[in-house]
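This report describes one protein model for a reader who has not seen it before. The sequence and the structure are shown first, and the description follows.

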Amino acid sequence: MRKFSVAIFSTLLLVGQLAAAEPRCERVFNKKTEANQADFGTLRTDFEHSTRYSKVLKAAGEIKDQCALATCHLFSWASSLEQSYLSRTKRKIALSARYLTLGHWLMQSMDVLKATSPTYKVDLSAIPFFSRFQIRRMGLVPEGVWSPTRDFEKPPYSGRLQTYVQNVIDRAKFEVNSTSDSAKQAKIVERAQADIIAIFNDLAGSGPNEFMYEGKSYTPHTFAREFFAEELTLPIVNMVGSEHRSGGDIHEKVNDGFLVVGTNIDRVTETVKALLDMGLPVYLGYEHEATYVDNATGIMSTQAFHHPTNARPLSRRQRVWSERHAGGHAVQIVGYDLDPATGKIVKFKIKNSWGRKGRSRGYYHMYIDYFRAYAQG
């Protein structure tokens with residue numbers, strides 16, 4: 001009986017503490033409201049924002065929507081190819097990023113199935129070089145010649161597909177680990193491969209083996225070779241911004257088709273402008289720090305929002321030192337705005353892959369302070 005009484009007393013004490021704490025929280029909130037202070041994280045009314053740009057590439061295609069999947073790299077590649085094709089031929093072409101997503105997902109699932117580690121999971125994110133490698137494996141399909149049977153990239157299907165496929169992979173690996181018979185192991189993997197393909201076909205449908213485009217028959221690979229031979233074969237140069245604002249370039253050759261150039265952020269900014277002046281889009285990988293992004297207006301700036309005193313954003317050098325990194329994202333830079341007085345970049349126009357949301361209809365405005373802090377390469 002004594003233990004029961006103590007339990008009741010402890011519960012009443014806890015409830016009493018919560019009840020006592022509630023008015024204190026309310027007083028703090030009311031005091032802040034009475035002082036007419038702006039809420040942290042809201043846009044500053046004195047922040048000068050406009051949708052004006054000094055240079056904007058002619059739009060090559062519609063805003064795409066990657067939905068719930070981490071396939072921004074493929075969507076950015078599709079937009080980049082569309083823009084490059086327009087620059088080369090003065091004609092528009094629309095590519096199916098959903099086809100790329102489905103093919104990438106299937107290939108990644110098969111690769112993880114064959115991996116020996118039991119902890120590997122299907123990860124749809126990738127770096128630009130690997131994205132192009134996947135596109136060369138899959139080929140390309142124009143919009144309008146194929147559609148999945150369901151919107152597999154949207155909830156709830158995206159989550160179900162992820163769970164079902166991972167279940168097949170993990171169960172197969174567990175069974176392979178339970179036997180030393182290589183013939184049995186091979187049959188387990190073969191059965192799992194068939195199960196994975198069946199799941200994709202059931203929830204999304206199979207990709208096209210052959211299709212007609214502008215009166216001619218193509219496969220995904222022959223289409224890619226005919227329309228995008230240069231973009232899919234020329235070497236990739238990945239310019240990476242370091243934490244230092246000055247210093248020489250550091251070249252690191254990964255292989256014959258990929259060159260990494262580490263340089264200062266000023267050089268990166270100048271190169272982006274030069275490419276846009278040539279009519280070329282820029283594939284940008286950056287850290288998406290949502291605290292300094294307003295989705296309604298598309299404003300991306302570390303200076304545009306109210307924040308507590310001394311809680312301003314970390315500099316690039318401070319974040320590199322402390323290893324404080326936000327989630328990666330890939331987009332297209334399609335324009336820039338110059339300060340008429342100084343001639344320096346004020347902001348970049350960003351073509352995103354999150355659908356036509358907000359007042360900017362899917363385009364974002366990355367101010368130079370955000371770019372200098374979070375641009376990766």
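Strands here are DSSP runs of E with at least two residues, and helices are runs of H or I with at least four, both numbered from the N terminus.

The pairing of β4 with β6 (residues 258-263) is parallel and has six bridges. Together the three strands make an open sheet in the order β4-β6-β5, with mixed pairing. Its edge strands are β4 (236-241) and β5 (250-255), each of which pairs on one side only. Neighbouring strands of this sheet are turned by 20° against each other on average, direction ignored; the axes are lines fitted to C-alpha atoms, and angles run from 0 to 180 degrees between N-to-C directions. Five of the six residues of β6 are buried, so β6 is largely enclosed by the rest of the structure. Buried means under 20% relative accessible area, exposed means over 50%, and partly exposed lies in between, with a 1.4 Å probe and protein chains only.

## Basis of the model

Residues are numbered from 1 along each chain as its sequence is written. The model is predicted, so local features need pLDDT of at least 70 and side-chain atom pairs count only at pLDDT 80 or more, while totals for chains, interfaces and linings use all residues; side-chain values use heavy atoms, with hydrogens and water left out.

## The chain as a whole

The chain has ten helices and twelve strands. Of its 377 residues, 42% count as buried. The accessible surface comes to about 21300 Å², and 54% of this belongs to carbon and sulfur atoms; such areas come from the Shrake-Rupley method with a 1.4 Å probe, and for residues only the protein chains shown count as cover. Among contacts between residues at least 6 apart in sequence, 71% join residues at least 24 apart, a contact being heavy atoms within 4.5 Å.

Helix α8 covers residues 265-277. At 1.5 Å a residue, its 13 residues should span 18 Å, and its end C-alpha atoms are 19 Å apart, which agrees. The expected span is 1.5 Å times one less than the number of residues. The buried residues of α8 are Ile265, Val268, Thr269, Val272 and Leu276. Seen down the axis of α8, they fall within an arc of 100°, so they line one face of the helix. The arc is that of the directions from the helix axis to the C-beta atoms. An α-helix has 3.6 residues a turn, so residues three or four places apart point the same way.

Six of the seven residues of β11 (residues 345-351) are buried, which leaves the strand mostly covered. Strand β10 (residues 327-338) runs antiparallel to β11 and is joined to it by six bridges. In this pair, Leu338 stands opposite Ile345. Their hairpin has six residues between the strands, and Gly343 takes a positive phi near 75° there. Five bridges join β11 to β12 (residues 363-367), again antiparallel, and the bridge partner of Lys347 in β12 is Tyr367.

Lys349 also lies in β11. At 19% relative accessibility, Lys349 counts as buried. Leaving aside neighbours within four places in sequence, its contacts include Tyr53, Val56, Gln332 and Tyr364. Lys349 and Val56 are 293 residues apart in sequence, and 7.7 Å apart in space, C-alpha to C-alpha.

Terms used. Two strands pair if DSSP finds at least two bridges between them.
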